[in-house]
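I opened this notebook to record what I looked up about aromatic rings and the charges around them. My entries follow the order in which I checked things.

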Amino acid sequence: MANLKEVRNRIKSVSSTQQITKAMKMVSAAKLKRATNAIIQLRPYASKLKDLLANLSASLEDNTSPYLQEREPVRVLVVVVSSNRGLAGAFNANVIKTANNLIAEKYPKQLSAGNVSIVAIGKKAQEFYQRRKYNVIGNNNDLYSDLNFENASKITEAIMQGFVNGDYDRVELVYNHFRNAAVQYLIAEQLLPVPKAEKKEEIKAANVDYILEPSQQEIVEQLIPKNIKIQLYRAVLDSNASEHGARMTAMDKATENAGELLKSLKLSYNQARQAAITTELTEIVSGAAALSGGN
C-alpha cells in the first residue's frame, strides 16, 4: 500500500487539476453563450439567402457566373475548420478524420497525384496536415482572435479567386455543426462550384413571384459571391460554438472524474493511515508485553 506522503501528494495534485478543469468549464460556458448567440442569429439569414438564390437561379435559362461552372475535379481544395486549442474531447480528431475520409473516398486519384490542397482554419488542422506534407495554403489561425464576417470573407475571397483562376476545380468544406452543448455533428459539403438547386427547390421557385430591379441575372450574380461568403462564415461560427460546447462537456466530465479519483485516493489515504496507526499500536502493545514478561 502506498505510504501516506505519496497519497497526500496525489490528492493535492488531483485537487489542483480539478480546480483547473472546473475553471475551464466555466470559461467555456461563458464563451459558448456568446458563440451560440452569434450562430443562432446568422442561421435564419444564411438559410433565407440560400433559398432566395435557389429560387432565382432555378428559373434562369443561362447563368454565366464563374462560381457555377462545373469542371472535372482534377485539382481539389478541402477547407477544414478545426480549433486553435485542444482539451475539447474528440472535437478536432473527428473533423480531421471526416476530412481524411472524404479525401480517401471521393478523391483518391487526386490525392495520389498530389492535387489535393488544404485550407486549414484552426491551428490543430494546420499542424496535422503540415506534419503529413500536404499542400497547406496560408495560415488562418488568427481568425478566432477576431472572428467576424469581414475577416472570414478575406479567406473566402482568396478561395473564390483560386476557383475562378482554375487553381481548384472543386472546393469541399468540412466542419462541426452545432446543435447543443453536448451534440455536434460533422458536415462535409461542396462549397464550389455552388451546388445547383434540387428539383423540389425548382418546383418551389416556380410558385414564387419577385419584382426584380435591375435584372434577375445581375441580382443572382451579386448574390452568389455573397452566399458563398455567408456559408463559410456560418461554418466557422458553427465550429466555434461546437468547440466551446465540446470543451465544456469534456471539462465537466474531467471534473467529475477528478472527484471520483479524489474519493478513491481519500479512501486509500484513510486505509494507509489506519494501517499505520494499527502498526504503531501493535508495536506499543508488543513492547509493553515484552517489558511485562521481562519483569
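I began with a charge over a ring: the charged end of Arg 71 sits over the ring of Phe 163, 4.4 Å from its centre. I counted a charge as over a ring if NZ of Lys or CZ of Arg is within 6 Å of the ring centre and within 35 degrees of the ring normal. Over the ring of Phe 128 I found the charged end of Arg 132, 3.7 Å from the centre.

I noted that this is a predicted model, in which local features need pLDDT of at least 70, side-chain atom pairs count only at pLDDT 80 or more, and totals for chains, interfaces and linings use all residues. Residues are numbered from 1 along each chain as its sequence is written, and side-chain values use heavy atoms, with hydrogens and water left out.

Next I looked up ring pairs, taking rings of Phe, Tyr and Trp (its six-membered ring) as paired if their centres lie within 6.5 Å, with planes under 30 degrees apart stacked, over 60 edge-to-face and the rest tilted. I counted three aromatic pairs by this rule. Phe 128 and Tyr 129 are edge-to-face because their ring centres are 5.0 Å apart and their planes stand at 85°. Tyr 129 also pairs edge-to-face with Tyr 134, at 5.0 Å centre to centre and 85° between the planes. I recorded Phe 128, Tyr 129 and Tyr 134 as one aromatic cluster.

Last, I checked burial (buried is under 20% relative accessible area, exposed over 50%, partly exposed in between, with a 1.4 Å probe and protein chains only). Phe 128 is buried at 15% and Tyr 129 is buried at 0%, whereas Tyr 134, at 23%, is partly exposed.
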